Amino acid sequence: MAARCVVALGANLGDRLAVLRHAVRDLEASPGITVTAASPVVETRSVGGPEGSPDYLNAVVELRCELAPLELLEVCQRIEQRHGRTRELRWGPRTLDLDVVCVEGVRSEDPRLVLPHPRAAQRAFVLRPWELMDPAAELDGVPVARLARAAADLGDLTVTEHRLRPEEETSCAT
């Protein structure tokens, strides 16, 4: 049975927008995964990484997933690797970061995959795009919009006009 899942995406090296868009296509091409919604892209300062790290582009996607949570994590990690992700420095710059935020009906304390994601409820760069994608979303029974307003990094975030699916781009033309 397919479960609703939320995956956060981030990149701060290379062609950030292209990498995020390719990652969504990679998720869509993965057996057992259907991307059902994608948030607008937001730009944020680097949080927790080395001083002077490039800004991130972040977004979230909602999936219908027939995979077990650890299988979804493995798919995400393979996609990261395909896009040049290395794990040399915790919270360091990266070409791509995919985090499984939550899987409907699943709580996990497995050290490989804690669900819901242990820091998602404090991160505007996850919460704000999620709220824009789904204003009624909840994380652990709390409205994502409320969590986003309380997040310490909300002021460091800018909503862009970019979309993960180029056909959804907005136009500034008058």
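How many cavities of 30 Å³ or more does a search of the whole structure find? In this predicted model, the search finds one. The largest cavity holds about 30 Å³ of space. Its lining consists of A8, D99, V101, H117, A120, R123, F125 and V126. Two elements, β5 and α3 (residues 124-133), each supply at least two residues of this lining.

Helix α2 was examined next. This helix comprises residues 69-82, 14 residues in total, and spans 20 Å from its first C-alpha to its last. That span is close to the 20 Å expected at 1.5 Å a residue. Within α2, the residues L72, L73, V75, C76, I79 and E80 are buried. These residues lie on the same side of α2, because they cover an arc of only 160° around the helix axis. The face of the helix turned away from this buried side carries Q81 and R82, which are exposed. The buried residues of α2 are covered by several elements, including the strands β1 (3-11), β2 (33-38), β4 (56-65), β5 (97-103) and β7 (113-115). Helix α1 (16-29) also belongs to this cover. After α2 comes G84, whose phi is positive, near 85°.

The cysteines were then considered. A search of the whole structure finds zero disulfides. C5 takes part in no disulfide, and the cysteine sulfur nearest to that of C5 belongs to C65, 4.6 Å away. Likewise, C65 is in no disulfide, and the nearest cysteine sulfur to that of C65 is that of C5, at 4.6 Å. The reason lies in the cut-off: a disulfide requires two cysteine sulfur atoms within 2.5 Å, and the sulfurs of C5 and C65 are 4.6 Å apart. C5 is buried, with a relative accessible area of 1%, and C65 also counts as buried, at 1% relative accessibility.

Two features of the backbone remain to be described. The peptide bond from L115 to P116 is cis, with omega near -10°. P116 is located in the loop between β7 and α3. D140 is placed in the loop between β8 (138-139) and β9 (142-143). With a relative accessibility of 52%, D140 counts as exposed, since the cut-off for an exposed residue is over 50%.

Terms used. Residues numbered from 1 in each chain as written. Predicted model: local features only at pLDDT ≥ 70, side-chain atom pairs only at ≥ 80, totals over all residues. Heavy atoms only, no water. Helix = DSSP H or I, 4+ residues; strand = E, 2+ residues; numbered from the N terminus. Expected span 1.5 Å × (residues − 1). Buried < 20%, exposed > 50% of the residue type's maximum accessible area, 1.4 Å probe, protein only. Arc of directions from axis to C-beta. Contact = heavy atoms within 4.5 Å. 1 Å grid on protein atoms, 1.4 Å probe; cavity = no way out; pocket = protein on both sides within 12 Å on 5 of 7 lines; lining within 4 Å. Points joined across faces, edges and corners; volume = space filled by probe spheres on them.
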